[in-house]
Amino acid sequence: MQKITDNVYAETAYRGCNPGFVITSDGLVMIDTPQMPSDALKYRDEMAAFGQPKFLINTEPHGDHFIGNYFFDALRVAHEGTRAAIARTDLSQLKERVKVMDPAAPNLDDYTVGVPTVTFTGSMKIYLGEHEFELLHLPGHTASETAVFIPRERVVFTGDNIFHQVQTFLQEAVPLQWLESLETLKKLDADIYIPGHGEVCFDKAYLDEQAAFIREWIDAVRDAVNKGWALEEAQEKISFVDRYPMGGSMESFARELQKINVARLYGLAKAGQL
């Protein structure tokens, strides 16, 4: 677990997203939870030394951000779209997937999906102790992606709108809005950006690098469509696999990710949405 400021901690070593929490005078505010139940239990024990969680904010609806919700007793908050997607989770399929991913997981017979119970659409604020938490709907990696800005700490948890020096996943991306959201993140009065994946980002200039990479993906797939390539041809020819490492011990998935990214952008381009 990495100490980011006197009151902000994040974990970047888990498989899955980078969960974190903020210490306030009245308890903890969590941002996302570990993907692996075995990690979630360790994380819960480590957090207990700092206080009790009062709020748990999910930044997006992918499992690596919410599977661990079940193991924490806190009021769960998310964008309305994130809540809806989490609520549609097939519990039996999720349990089977977790058993494969995490052989050390505890017994999951009583496990349920920790669906958020408080939602917002555009933005909302949470106040706990002397801290303010501003939740901003910033579509990009997913349509309901959320950033959590903590002005007192000058820190932003960006969700998966930032993949810091690791491969970017575009499987549900709304890329043109993503570029706009990165501009919004740049304008925040923040010094530290805690990404959904990759190491903590202490340089705001990386947001321009993230945007440039997304533009490269867009341009490459647009060009393929304009040339009349079929999807399979585009998937075979377009790859940025050498640009960044995968991160999270997922190197074997790198080539498949390129195909998934191409498929998403190809569909958007053919629909006139890219």
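Guide: One term to begin with: buried means under 20% relative accessible area, exposed over 50%, and partly exposed in between, using a 1.4 Å probe and protein chains only. This is a predicted model, in which local features need pLDDT of at least 70 and side-chain atom pairs count only at pLDDT 80 or more, while totals for chains, interfaces and linings use all residues. Residues are numbered from 1 along each chain as its sequence is written, and side-chain values use heavy atoms, with hydrogens and water left out.

Visitor: OK. What share of the 274 residues counts as buried?
Guide: Of the 274 residues of the chain, 55% are buried.

Visitor: And how many helices and strands are there?
Guide: The chain has 8 helices and 14 strands. These are DSSP runs numbered from the N terminus, with helices (H or I) of at least four residues and strands (E) of at least two. The radius of gyration is 18 Å, close to the 19 Å of the globule rule for 274 residues, so the chain is as compact as a globular protein of that length. That radius is taken over C-alpha atoms, and the rule is 2.2 Å times the number of residues to the power 0.38.

Visitor: What does the C-alpha trace span?
Guide: Along its principal axes, about 60 × 45 × 30 Å.

Visitor: Which residues touch the most other members of the largest nonpolar core?
Guide: They are Val 156, Leu 182, Leu 185, Tyr 193, Trp 217 and Ile 238, in a core of 43 residues. A nonpolar core is a set of buried Ala, Val, Leu, Ile, Met, Phe, Trp, Tyr and Cys residues joined through side-chain atoms within 4.5 Å. Strand E10 (146–150) and the helices H5 (175–187), H6 (206–226) and H8 (254–270) each supply at least two residues of this core. The largest share, 10 residues, comes from H6.

Visitor: Now Thr 82. Buried or exposed?
Guide: Thr 82 is buried, because its relative accessible area is 0%. Its place is in helix H3 (residues 80–87). Neighbours within four places aside, Thr 82 is in contact with Asn 58, Thr 59, Glu 60, Pro 61 and Ser 144.

Visitor: And Ser 249, buried or exposed?
Guide: Ser 249 counts as exposed, because its relative accessibility is 78%. Ser 249 is in the loop between helix H7 (231–237) and H8. Its C-alpha atom is 10 Å from that of Ala 13, although the two residues are 236 apart along the chain.

Visitor: What about the phi of Arg 154?
Guide: Arg 154 has a positive phi of about 60°, although it is not a glycine. Arg 154 is in the loop between E10 and strand E11 (155–157), and is partly exposed at 29% relative accessible area.

Visitor: And where is Gln 165?
Guide: Gln 165 is in the loop between strand E12 (163–164) and H5. Gln 165 also has a positive phi, about 55°, without being a glycine. At 44% relative accessibility, Gln 165 counts as partly exposed.

Definitions and conventions. Contact means heavy atoms within 4.5 Å.
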